[in-house]
Amino acid sequence: MSSTFEYYLENILCNLQSPATDHEDFYTVQEFVLNLVKNNRLVKSTCNVNGIGFGSTAHGIRMYDNDEYDVMLELEFPYYENICVRPDLHRPGMVHLDFKDLPYNDFTEDLLLDHRCYLLREKVQTWMQSILLDVSGRTVRGRGNSSFYLRYKPGYNCHTIWAESDNHTFSIDFMPAIKVIFDDMDCQVVPMAAEGPKRSHGCTFMVSDVREEIRLFEEGGMFVQKAVMLLKALCETKGLPKIHNYHLVTCAINVIARDDFEDLNLENVFINILGHLVDALEDHSLPYLGYMDRNLLSNFKPQQLNEYIDILDSAFTTLKTYPHQYNLSYERCSSHFLTE
């Protein structure tokens, strides 16, 4: 028999979840932009491009008030399996890409590589910017004959396309990535700056494995998706902006690998993952999937960690008592997840 807490959590989720139909215009604009990139003459002669959705939409944890989407532009160079992925000894979680053992065209040699045949992070970003700038000023037909006007805005690590109609405005962050084989697995590395010696600063890329991340997260089932959405709402209500979806998804994947969720309900899964998040903050360690060198909490300062630990540990202590409170009020429960 479900507890009062479980019943309230399901009701709260009805206020949080974004209807699937809201994404139709996103997919239309995404395909338009992807086709523009794929059909670029220089791109066609240099590499293949694959669009990979990631973030909240791909994980099924999108919230109703979120008008931002994420798409990875995976650049697949010919003979990409011969790219040598070298871990950066001075920057845990970062790598360099050595192209000397694969054939490449003049454009790659002259504009994307340094004298050692290492791929240059900013050159990749500049290349993608020059292509995506062409999106600005174009229009795309959406649902119900609505017309979306597109604008381009450069970001720090990504390239944002704004789509605006009379009734709906949303944005898509396009993140460039290079397809590589790392630790015997196909994965992606994204251009990302990292502090360290100047000698290799311009060549840093961050390891990612979007497809494997989505697969592992889906193994947890619907309760895990719902629990992560509730945790995201909890962090927003508590004013914890440095906790992002990727922190929560990684926590969930770690718990999935460790525990058997088959006989657990939503409230158990939610409390379990929240407890793991508190433990990770206390340990200042949240490794990314199988790549232990990449710590997702490395950008937290000690004072921030202590503040987040105090808030989330207090919430954990309170919320884990709710399954046993049969007179629990909806207002008291929802106040942790919903704002006025």
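A pocket is an open set of grid points where a 1.4 Å probe fits, with protein on both sides within 12 Å along at least five of seven lines. In this predicted model, the largest pocket holds about 1700 Å³ of space. Its lining comprises 50 residues. Nearest the pocket centre lie M192, M206, H244, Y246 and R294. By class, the lining of the largest pocket splits into 22 nonpolar, 16 polar and twelve charged residues.

S208 sits in strand β10, which spans residues 205-208. The relative accessible area of S208 is 8%, so this residue counts as buried, the limit being under 20%.

The overall fold was examined next. The protein contains 13 helices and twelve strands. Its C-alpha atoms fill a box of roughly 70 × 55 × 35 Å along the principal axes. The radius of gyration is 22 Å. A compact globule of 340 residues would have a value near 20 Å, so the two agree. Buried residues account for 52% of the 340 residues. Of the contacts with a separation of 6 or more, 64% join residues 24 or more positions apart.

In soluble globular proteins, nonpolar side chains tend to be buried together. Here, the largest nonpolar core has 55 residues. Within this core, L230, L234, F270, I273, L312, L319 and F337 touch the most other members. Six helices each supply at least two residues of the core: α1 (4-16), α8 (210-219), α9 (222-237), α10 (245-258), α11 (266-283) and α12 (302-319). The largest share, ten residues, comes from α11.

A second, separate core comprises 49 residues. Its members include L34, L112, F148 and L150.

Definitions and conventions
Residues are numbered from 1 along each chain as its sequence is written. This is a predicted model: local features need pLDDT of at least 70, side-chain atom pairs count only at pLDDT 80 or more; totals for chains, interfaces and linings use all residues. Side-chain values use heavy atoms; hydrogens and water are left out. A nonpolar core is a set of buried Ala, Val, Leu, Ile, Met, Phe, Trp, Tyr and Cys residues joined through side-chain atoms within 4.5 Å. Buried means under 20% relative accessible area, exposed over 50%, partly exposed in between (1.4 Å probe, protein chains only). Helices (H or I, at least four residues) and strands (E, at least two) are DSSP runs, numbered from the N terminus. On a 1 Å grid over the protein atoms alone, a cavity is a set of points where a 1.4 Å probe fits but cannot get out, and a pocket is an open set with protein on both sides within 12 Å along at least five of seven lines; lining residues have an atom within 4 Å of a point. Grid points are joined across faces, edges and corners, and a volume is the space filled by probe spheres set on the points. Ala, Val, Leu, Ile, Met, Phe, Trp, Tyr, Cys and Pro count as nonpolar, Asp, Glu, Lys and Arg as charged, and the others, Gly among them, as polar. The radius of gyration is taken over C-alpha atoms; the globule rule is 2.2 Å times the number of residues to the power 0.38. Contact means heavy atoms within 4.5 Å.
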